[in-house]
Amino acid sequence: MPRTTHRALGALAASAAAVLALSACSSSATGESSDGDITLSYAIWDENQKPAMEDIAAAYTEEHPNVTIEIQVTPYKEYFTKLQTAVTGGSAADVFWMNGPNFQLYASNGQLAPLDGVETSDYPQGLVDLYTYDGTLYGAPKDFDTVALWYNKALFDAAGVAYPSAGWTWDDFTAAAAKLTDPAKGQYGIAASQYGQENYYNSIAQAGGEVISADGTESGYGSPEALKGIELWTDLIADGSSPTAQQMTDTNPEDFFLSGKVAMFQNGSWAAIAYADNADIGGTVDVAPLPAGPEGNQSVIHGVGNVANAKSPHLDVATDFAAFASGEQAAKIQAETGTVIPAFNGTQQAWVDALPQYDLQVYIDALDTAVPYPVSKNTSAWTSIESEVLSQVWSGAVSPADGLKDLAAQMQTALDAEQE
């Protein structure tokens, strides 16, 4: 959930009520001249991926000279708010990125076109399932992401701490975070941010719990395992090994890592190219597997899908480009630039090889024990509750035990409402 980037689900702006009220207006975002030339708009949310998307668009235009692809970049924080408004007003892009938490709402309201020409066997089944609604595929899997542990080698060397490695446990992780913390320098071992995909969704699974049941109907936050997964992070803050919740509100948690003030930062595979291109830290960081909890070192898996606007005036071309942008040629373009891990089977190794200075194989290896990204038909209804309650837990205003009890009850009420 490029990331994202793909960020905590609480940042998702699309509400159930608004999406359910989406209009059926036709898009006016594309143009067609008298000689048959077509302009398609393609909406994405990651500036880091724009160059690769431009290459993919150029490859499509080479095969279809009458088609021009205009790429529209909206930062993830505003992306779904803008998309909701655009779809409601009939001005949404012809093709756009979609994620799992929002997919079912748009698909169930007739806003996405079926992608009948996509060969589903070319993609991991979990991603195919993510973008299938009522037996129909509406999203072509573009990429997938898992989560791993980035670390600053210079800070580890200065503190005399061994680098993270396969087999690291939570105890190793927290002990290293403490040793890497130096209050006099304003330096911390870890940024224990309130990020679901990057942090606590993984640790809850590593403790043997789940955020939501596989069928999307039951909250998992009331379990002892979920509590352990949350306390991993809140204890790091309480122990002083992480900036406080207020500090991470005032300053983006990742900025602490980018500025060399935090030694470790869990992040998705989308971060690799951004870090490689960062002159300040690109040569001093590397990545390792997530530390293992009581039940292992599971990572959440998610992925972006290319979808076509069902109201596009150039629907045949829009659906064709959506499929192309997730096809083998596009996957190779993404992989060779190190942009993201392509979803098309057999193309992932090129992504690993694109940035040989980092141990990116850990992201591919994470597939072996990966757990699904938690979603339901109306994910945003309960993630807004999740964000609100957990912000009180992270700040210390509410204990993790009391907060999760409250969260489980409120989340279950929201899930029950989905079934009515």
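The lining of the second largest pocket comprises 16 nonpolar, eleven polar and five charged residues. Here Ala, Val, Leu, Ile, Met, Phe, Trp, Tyr, Cys and Pro are nonpolar, Asp, Glu, Lys and Arg are charged, and the others, Gly among them, are polar. The model is a predicted one, in which local features need pLDDT of at least 70 and side-chain atom pairs count only at pLDDT 80 or more, while totals for chains, interfaces and linings use all residues. Residues are numbered from 1 along each chain as its sequence is written, and side-chain values use heavy atoms, with hydrogens and water left out.

The pocket has a volume of about 670 Å³. A pocket is an open set of points on a 1 Å grid over the protein atoms alone, where a 1.4 Å probe fits, with protein on both sides within 12 Å along at least five of seven lines; lining residues have an atom within 4 Å of a point. Grid points are joined across faces, edges and corners, and the volume is the space filled by probe spheres set on the points. In this pocket, 32 residues form the lining. A214, P372, Y373, P374 and V375 lie nearest its centre. Elements that give two or more residues to this lining are α4 (100-108), α5 (125-130), α8 (196-206), β13 (300-301), β16 (371-372) and α18 (400-419). The largest share, four residues, comes from α5. Helices (H or I, at least four residues) and strands (E, at least two) are DSSP runs, numbered from the N terminus.

The protein chain has 18 helices and 16 strands. Its radius of gyration is 21 Å, close to the 22 Å that the globule rule gives for 420 residues, so the chain is as compact as a globular protein of that length. The radius is taken over C-alpha atoms, and the rule is 2.2 Å times the number of residues to the power 0.38. Along the principal axes, the C-alpha atoms fill a box of roughly 70 × 50 × 35 Å. Of the 420 residues, 56% count as buried. Buried means under 20% relative accessible area, exposed over 50%, and partly exposed in between (1.4 Å probe, protein chains only).

Aromatic rings were examined next. A pair of aromatic rings is described by the distance of the centres and the angle of the planes. Rings of Phe, Tyr and Trp (its six-membered ring) pair if their centres lie within 6.5 Å; planes under 30 degrees apart are stacked, over 60 edge-to-face, and the rest tilted. By this rule there are 23 aromatic pairs. W45 and Y79 make an edge-to-face pair, 4.9 Å centre to centre, with 80° between the planes. W45 lies in the loop between β2 (38-44) and α2 (50-63) and Y79 in helix α3 (residues 76-89), so the pair ties together parts that are 34 residues apart in sequence. W45 is buried, at 2% relative accessible area. Y79 is buried too, at 3%. The rings of Y201 and Y373 are 6.0 Å apart at their centres, with planes at 85°, so this pair is edge-to-face. Y201 belongs to helix α8 and Y373 to the loop between β16 and α17 (379-395), so the pair ties together parts that are 172 residues apart in sequence. Y201 is buried, with a relative accessible area of 2%. For Y373, also buried, the value is 5%. Ring pairs also link W45, Y76, Y79, F80 and W97 into a cluster.

Helix α14 (residues 328-336) has A330, A331, I333, Q334 and A335 as its buried residues. Their cover includes α2, β8 (143-144), α13 (315-324), β15 (341-342) and α15 (348-354). G338 follows α14 and has a positive phi, near 70°.

Single positions complete the picture. T234 sits in helix α9 (residues 224-238) and is buried, at 10% relative accessible area. Beyond its neighbours within four places in sequence, T234 is in contact (heavy atoms within 4.5 Å) with V393, W394 and P400. V118 lies in the loop between α4 and α5. At 12% relative accessibility, V118 counts as buried. With neighbours within four places in sequence left aside, V118 is in contact with Y123, L137, A140 and A323. V118 and S326 are 208 residues apart in sequence, yet 9.0 Å apart in space, C-alpha to C-alpha.

Most residues other than glycine have a negative phi. D134 is not a glycine, yet its phi is positive, about 50°. D134 lies in the loop between β5 (132-133) and β6 (136-137). D134 is exposed, with a relative accessible area of 70%.
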